[in-house]
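User: I'm new to this one and would like to go through it piece by piece. Could you take my questions as they come?

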Amino acid sequence: MGSPVVLGIESSCDETGAGLVRGGRLLGHTVASSMAEHARFGGVVPEIAARAHLHALTPVVRSALADAGLRASDIGAVAVTTGPGLSGALQVGLAGAKGLAYALDVPLYGVHHLAGHVAADTLAHGPLPDPCVVLIVSGGHTSLLLVRDLARDPIVHLGDTVDDAAGECFDKVARVFGLPYPGGPAIDRTAREGDPRAVHFPRPLTTGPTEKRFAFSFSGLKTAAARWAETHRAAGRPLPVADGAAALQEAVADVLTRKAVAACTEHGVGTLVVVGGVAANSRVRALAEERCAAAGIALRVPPPGLCTDNGAMIAAVGDLLVRAGAAPAPLDVSIDPSAPLEYAALHPVAAGRARAA
């Protein structure tokens, strides 16, 4: 008998996602976003997100099944994000996943959200090379990882953000520039009309101690951009928003790709995988292509629809775990809103102790 159909459920922030994967192949998926409800607040409101997940979960699962041409009875396993993320949002997804797994009498797997982003690339480009360097860039996370067998091996952190993540920097600076939420896409759109050389913003942690060579820091860059805008306004000058957006985007892309290519070179790894919401940024993608080509490194980036949060990526991890023979989650599996990324499987229990399959 072949691999079972795995349903993946994602509800860590403001997207409710459901996806279906079997044997590494994406069968169908649907995402519902509550982003419009948060826009007037300039960021995600946890209570609004949790309520939106409650309303969206069942319709999203039904839509994903329809997209795949399947019925609920075809599901052979359920995977769900158990962390990190917003506590209330995660609880909604886990409760729904537990109910489905119980009703269908199928195993349940807890999945680390960031491992889902890594696995998303497999749906577009096939199995990950062993080893590969993965750059995760999103609203809340920026990390360089050394990945071997995603379903079995521990994930090695080469470097992480020490303060603001790249996506968080985009969101905060976009607000200062008067651009709409979410800031990342707004910065990307606005930057197309600007000159990236018009302002020289700093490139944080690109010089200094070698132990921080793969770490990230975007707080100083955010502050520099805010001060640049304040200086213009204080002097009564119009703010050249397009130039500021282009220069900011160039600084972020420069730091991300410079460190990622250096990590591949230092560790003798021939493939770089760039994932997460900021991987959809046009300049990050273009500069990664340019620098990887120059260094002889293969670059893999999922299509934009698989970069942002979705249920397909969680199903992809569940599918890998099932095929690797990993143990399902215990009955008392809970959530861990601040879980570190150590393994793809994340099975926290109510007492706070975490198990990784």
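User: Which way is the crossing where α5 passes α6, left-handed or right-handed?

Analyst: In this predicted model, α5 passes α6 in a left-handed crossing, a term used when the near helix is turned anticlockwise from the far one by less than a right angle, with right-handed used for clockwise. Helices here are DSSP runs of H or I with at least four residues, strands are runs of E with at least two, and both are numbered from the N terminus.

User: At what angle do the axes of α5 and α6 cross?

Analyst: The axes of α5 and helix α6 (residues 183-191) cross at roughly 60 degrees and come within 7 Å. Axes are lines fitted to C-alpha atoms, for helices over the stretch in contact, and angles run from 0 to 180 degrees between N-to-C directions.

User: And which residues make that contact?

Analyst: From α5 there are Phe 170, Asp 171, Ala 174 and Phe 177, and from α6 there are Gly 183, Gly 184 and Ile 187, where contact means heavy atoms within 4.5 Å. By class, the contact of α5 with α6 has 4 nonpolar, 2 polar and 1 charged residues; Ala, Val, Leu, Ile, Met, Phe, Trp, Tyr, Cys and Pro count as nonpolar, Asp, Glu, Lys and Arg as charged, and the others, Gly among them, as polar.

User: How does α5 run relative to α8, roughly parallel or roughly antiparallel?

Analyst: The axes of helix α5 (residues 166-177) and helix α8 (residues 241-267) come within 11 Å and cross at roughly 170 degrees. That makes the two roughly antiparallel, since angles over 145 degrees count that way, while those under 35 are roughly parallel, 65 to 115 roughly perpendicular and the rest oblique. Among the residues in the contact are Phe 170 and Phe 177 of α5 and Leu 248 and Leu 256 of α8, and by class the contact has 10 nonpolar, 2 polar and no charged residues.

User: What about α2 and α3, what is their angle?

Analyst: Helix α2 (residues 46-68) and helix α3 (residues 87-104) pack at about 30 degrees with their axes 9 Å apart, and are therefore roughly parallel to each other. The contact includes His 53 and Leu 57 of α2 and Val 92 and Gly 96 of α3.

User: Switching to sheets, what is the strand order in the one with β1?

Analyst: That open sheet of 5 strands has the order β3-β2-β1-β4-β5, with mixed pairing, and two strands pair if DSSP finds at least two bridges between them. Its edge strands, β3 (25-33) and β5 (108-112), each pair on one side only. Within this sheet, β1 (residues 5-10) and β2 (residues 15-22) pair in the antiparallel sense over 5 bridges, and Leu 7 stands opposite Leu 20 in β2.

User: Last one: where does Asp 153 lie, and what does it touch?

Analyst: Asp 153 lies in the loop between β7 and β8 and touches Arg 148, Glu 342 and Tyr 343, not counting residues up to four places away in sequence. At 27% relative accessibility, Asp 153 counts as partly exposed, the class between buried (under 20% relative accessible area) and exposed (over 50%), with a 1.4 Å probe and protein chains only.

Conventions
Residues are numbered from 1 along each chain as its sequence is written. This is a predicted model: local features need pLDDT of at least 70, side-chain atom pairs count only at pLDDT 80 or more; totals for chains, interfaces and linings use all residues. Side-chain values use heavy atoms; hydrogens and water are left out.
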